[in-house]
Amino acid sequence: MKRTKIVDAVKGGDLIGQDVCVKGWVRTRRGNKHVQFVALNDGSTIKNLQIVFDMEKFDEESLKAITTGSSLCVIGKMVESMGKGQNCEVQAEKFEVYGTADPNTYPLQKKGHSLEFLRDIAHLRPRTNTFGAILRVRSILAYAIHKFFNEKGFFYLNTPLITASDCEGAGAMFQVTTLPLNNLPKTEDGDVDYSKDFFGKATALTVSGQLEGELGATALGAIYTFGPTFRAENSNTPRHLAEFWMIEPEMAFYDITDNMDLAEEFIKYCIKYALENARDDIEFLQQMYDNELISRLESVINNDFVRLTYTEGVKILMESGQKFEFPVYWGADLASEHERYLVEQHFKKPVILTDYPKEIKAFYMKQNEDEKTVRAMDVLFPKIGEIIGGSEREADYDKLMGRINELGIPMKDMWWYLDTRKFGTVPHSGFGLGFERLVLFVTGMANIRDVIAFPRFPGNAEF
Ligand code: 4AD
Ligand code: MG
């Protein structure tokens, strides 16, 4: 008999009165001598399907293996339910236990485990209501991202994960090597001889696909990447991962205003899509973790983002009279407390901050006429702080080289990037959205380690 997924089974509908076959994992079993109720879940929805075992048809012994966490196949009749909490239920006629789960060792027994505890059993936490909901929301958001760019005529470009250039210039890269670490080949000067390494040079995992994205944009017009990025920064914060997913659109013929318009439209589209297509999961998360979740999501969709310069933003912060942990002055890199003050206290809306001091931004950003600031844009969100970082790019070869020389960036590995400015250079812009920060926002969770199935952070590469 063909299996019915529980997401379809719980709707009842035409299935009422029919025999169905359902499969899944047991969430709970309860009941008495006469009747036993099993809540079955197969991951296709937050909802459980109620299976009713009439104990006149089954003996107690045969049901012994049906414990929390065990896996089942059940065939039975779908009927309307008399009980509260569900429209329909299955009256079991036959069942098979695929796999048992010993109640003495299966860790997901009691309800209401802490998120910290669940992080230690990340291999099993997807079977909880919370992580089922989060992972479904994440998947739906990923689909929305591809759908948005596809509808806009952008092309999906896959940029390399192994690279010899440091896009952000932050130096926080994971080295990739096949050299024997206990017997490194050395040059005459005593340095490590990377010419003997796998790629013939020193390489690392990428921190951003942007530089290659620019090559794509200046050929295909508009591209986006969507892939893993790696940062070896030792930030043990609820907003940072060592391995995270980033979406990086890059567009020829876009200036910074076009870039801001796209970022705003994009993020609103994704949130709206999730609200429409992952409603049950978002409602569950709201009920469990964050009672303002849906109103916050709706307020982002329904309001224009505030746009102002870094200089104006810093002025507001300095005049706020607010005590911050990190001092704020013109030239300071804003911390998330500053970003959140602007968004949550001052404007009560998402903010796009532009024109940052060049010293705190990457080399590739378009330089403003004031010679102090660059055409950067950061999108700041309630509860998150920075969710997007981007800029108009410096399209002028001489100006770009000037900045590269100022910063002393080694150019031998960057020749290909400079060619975009030598041959048919055009104004262009792009940005990067941290996927997990978007998932954090949409799920209302507080820690980024809870919105990716198997998080990577300092001291942890389990699972
Ligand atoms: O601001 P960032 O460093 O910008 C770039 O990498 C540019 N190359 C993007 C571009 O213009 N194409 O990173 C972009 C976004 C941040 O706004 C943040 O949302 C996220 O990536 N991000 C992180 N997310 C999780 N963990 C980390 N360690 C992150 N670092 C950045
Ligand atoms: Mg940034």
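The model is predicted, so to speak of local features takes a pLDDT of at least 70 and side-chain atom pairs count only at pLDDT 80 or more, while totals for chains, interfaces and linings use all residues. Residues are numbered from 1 along each chain as its sequence is written, chains are lettered from A and ligands numbered from 1 in the order in which they are written, and side-chain values use heavy atoms, with hydrogens and water left out.

**Overall build**

- The protein has 12 helices and 16 strands, where helices (H or I, at least four residues) and strands (E, at least two) are DSSP runs numbered from the N terminus.
- The C-alpha trace spans about 85 × 55 × 45 Å along its principal axes.
- Of the 463 residues, 50% are buried; here buried means under 20% relative accessible area, exposed over 50%, and partly exposed in between, with a 1.4 Å probe and protein chains only.
- The accessible surface comes to about 22600 Å², and carbon and sulfur atoms own 50% of that; areas come from the Shrake-Rupley method with a 1.4 Å probe, and for residues only the protein chains shown count as cover.
- Take the contacts (heavy atoms within 4.5 Å) between residues at least 6 apart in sequence: 65% of them join residues at least 24 apart.

**Around ligand 1**

- Ligand 1 has 25 residues around it, and the closest are Glu168, Gln210, Arg231, Glu248 and Glu386; to be near, a residue needs a heavy atom within 4 Å.
- Strands S11 (243-252), S15 (385-392) and S16 (428-434) each put at least two residues into the shell, and S15 gives the largest share, with five residues.
- Now for polar contacts, meaning pairs of N or O atoms within 3.5 Å; within protein, one must be able to donate a hydrogen and the other to accept it, and residues adjacent in sequence count only if both atoms are side-chain atoms.
- Arg231 brings a polar side-chain atom to 2.8 Å from an oxygen atom of ligand 1.
- The side chain of Glu233 has an N or O atom 2.9 Å from a nitrogen atom of the ligand.
- Gly434 uses its backbone instead, with a polar atom 3.2 Å from a ligand oxygen.
- On its own, ligand 1 has 630 Å² of accessible area, and the protein covers 93% of that.

**Aromatic rings**

- A ring pair is described by how far apart the centres are and by the angle of the planes.
- There are 25 aromatic pairs in the structure: rings of Phe, Tyr and Trp (its six-membered ring) pair if their centres lie within 6.5 Å, with planes under 30 degrees apart counted as stacked, over 60 as edge-to-face and the rest as tilted.
- Phe198 and Phe199 form an edge-to-face pair, because their planes are at 75°, with centres 4.8 Å apart.
- Phe198 is exposed at 60% relative accessibility, and Phe199 is partly exposed at 42%.
- Phe454 and Phe463 are a tilted pair, with centres 6.5 Å apart and planes at 40°.
- A cluster of linked ring pairs takes in Tyr143, Phe148, Phe149, Phe154, Tyr156, Tyr224, Phe266, Tyr269, Tyr273 and Phe431.

**Charges over rings**

- A charge sits over a ring if NZ of Lys or CZ of Arg is within 6 Å of the ring centre and within 35 degrees of the ring normal.
- Lys361 has its charged end over the ring of Tyr356, 4.3 Å from the centre.
- Arg449 lies over the face of Phe457, 3.6 Å from the ring centre.

**Positive phi**

- Most residues other than glycine have a negative phi.
- Phe253, not a glycine, has a positive phi of about 65°; Phe253 lies in the loop between S11 and helix H5 (256-277) and is exposed at 60% relative accessibility.
- Asp355 has a positive phi of about 55° and is placed in strand S13 (residues 351-357).

**Two buried residues**

- Ser165 is in the loop between strand S7 (162-163) and strand S8 (175-176), and counts as buried because its relative accessibility is 9%.
- Beyond its neighbours within four places in sequence, Ser165 is in contact with Met173, Leu211, Met414 and Trp416.
- Thr203 belongs to strand S9 (residues 203-205) and is buried at 7% relative accessible area.
- With neighbours within four places in sequence left aside, Thr203 is in contact with Ile162, Thr163, Ala164, Gln175 and Val176.
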